[in-house]
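Good morning, and thank you for coming. I shall go through a few local features one at a time, so please keep the sequence and the structure in view.

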Amino acid sequence: MTVSILGLGKLGVCMAAAMASRGLNVIGYDNQPDTLSAFDAGETIVVEPDLKELISANRQRLRAADSTAEAIHDSAFTFVVVPTPSDDTGAFSLEYVITAFTAIGTALATKPDFHHVVLCSTVLPNAMRQSLIPALEQASGKRCGQDFTVSYNPEFIALGSVIHDYLNPDFSLIGEYNPAGGDALEALLNSIILNDSPCKRLTIENAEITKIALNAYVTTKITFANMLADFCEKIPGGDAQAVCGALGSDTRIGRKYFLGGTPFGGPCFPRDNRALEFFATQIGCSADIPRATINSNRAGLGRLVAEALSLINKSGSKIAVLGLAYKSGTPVIDESPGVMLCSALAAAGHTISAHDFLSPSISPEALPFSVSLHDSIRECLEDASLVIITLPESGYSTLTLTDFSSVATNAVVLDCWHVLPAHFADQSDLQILRRGEGRESIETDSL
């Protein structure tokens, strides 16, 4: 079996490597020459665990195409993994998908064999039926379901664990144009994945709704946990980890994504909420829940900034921030709480020193503030009056008191994810504040 992938970005190149590792021949194409050249050379500019190793081990099953037409003519399935950026309304732009589908359609016009086009990029409901399938039919002069078929197969992955998530999904989602196409795609996916996860086959429209609804629901869960953390910080003895742990024991709630920490960020979670809000208003339905999630998440970042400012005794203080990416395991900083926190503190006149375990992949020029970016944690912490840990990195949990020996006298540490050992507060002059733990005394008669 030979498949092709159009779009070799953060997801596409990982899919190519994972598919090749499972025995498929994969043809990759990208309209960015540097990306395509790197793929052709068995390299990648994308930073993901296991990616380089998989590409190196499966070079014989990976090749770059010179054009979309070559990729289509030499494969049976084409997976389209191109950007669908958000516009000012919150909707997803179809510009790149339309371009890809038009090029695919042009290639299909001269291909005698049946072909299966699979869209992995996130789109709004009705996009496939109203815009994308017509683009294929117009460019090819052929009929969907007769000369080719189309499926919607979005992935539920997280940057920093893309390959693991792709090969071990909680479930596979197929929005099928017809049952025969769904059968073929399900068989292909079953030959790729490593676990025994279910495959949910829906109509295209229901799959489109499912994709954005899942991320919106997860962010609502995160926001609820952060609300509980706010509550617990106001109650003497409050402990959000204990509360969320107990609530998560109920199978109706579960523990995944249910722990108070920093607000959510990244390239998918915020925009999918905005997209769901946009879609709801477009069809005349209530957008109260996604709107509340967006507003609460934004307010949570504001509270984090306000707390950080309240912990600094003088203007122009040095603040050390451990963690700039939006999550562990990736250098991606899109809507990162750490970056937005640094930006606000820098705007308030403070000096920012930062560390990230993938800092070599983060350009200081890409950050919206002036920062001293360090590879060494100890250098980052030197003379800092306030230290903020924004990521639950395992590397931060192994820090010792010696690593903090160079911070300013009476420095404060704001540990957003409870990564530091409990004994830190007892064995040093550091003031350790953990997210979601009680800090203030409240008069009981005021409750």
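Let us begin with Asn297, which belongs to helix H12, residues 288–310. Helices here are DSSP runs of H or I with at least four residues, strands are runs of E with at least two, and both are numbered from the N terminus. This is a predicted model, in which local features need pLDDT of at least 70, side-chain atom pairs count only at pLDDT 80 or more, and totals for chains, interfaces and linings use all residues. Residues are numbered from 1 along each chain as its sequence is written, and side-chain values use heavy atoms, with hydrogens and water left out.

Is Asn297 buried or exposed? Asn297 is buried, as its relative accessible area is 12%; buried means under 20%, exposed over 50%, and partly exposed in between, with a 1.4 Å probe and protein chains only. Its side chain reaches the backbone nitrogen of Phe264 at 2.9 Å. Leaving aside residues up to four places away in sequence, Asn297 touches Thr223, Pro263 and Phe264, where contact means heavy atoms within 4.5 Å.

I turn now to a pair of helices. Two packed helices are described by the angle between their axes and the distance between the axes. The axes of helix H6 (residues 127–140) and helix H9 (residues 204–233) come within 9 Å and cross at roughly 110°. These axes are lines fitted to C-alpha atoms, for helices over the stretch in contact, and angles run from 0 to 180 degrees between N-to-C directions. H6 and H9 are therefore roughly perpendicular to each other, a term that covers 65 to 115 degrees; under 35 counts as roughly parallel, over 145 as roughly antiparallel, and the rest as oblique. On the H6 side, Ala127, Met128, Arg129 and Ile133 make the contact, and on the H9 side, Ile204, Glu205 and Glu208.

Next, the sheet. In an open sheet, 6 strands follow the order S11-S10-S9-S12-S13-S14, with parallel pairing. Strands pair if DSSP finds at least two bridges between them. Strand S11 (372–374) and strand S14 (431–434) stand at the edges with a single partner strand each, so one side of each has no neighbour in the sheet. S11 pairs with strand S10 (residues 351–355) in the parallel sense over 3 bridges, and Ser353 stands opposite Ser372 in S11.

Finally, strand S1 (residues 2–6) and S2 pair in the parallel sense over 5 bridges, with Ser4 opposite Ile27 in S2. Strand S2 (residues 25–29) is mostly covered, 4 of its 5 residues being buried.

Technical notes
A polar contact is a pair of N or O atoms within 3.5 Å; within protein, one must be able to donate a hydrogen and the other to accept it, and residues adjacent in sequence count only if both atoms are side-chain atoms.
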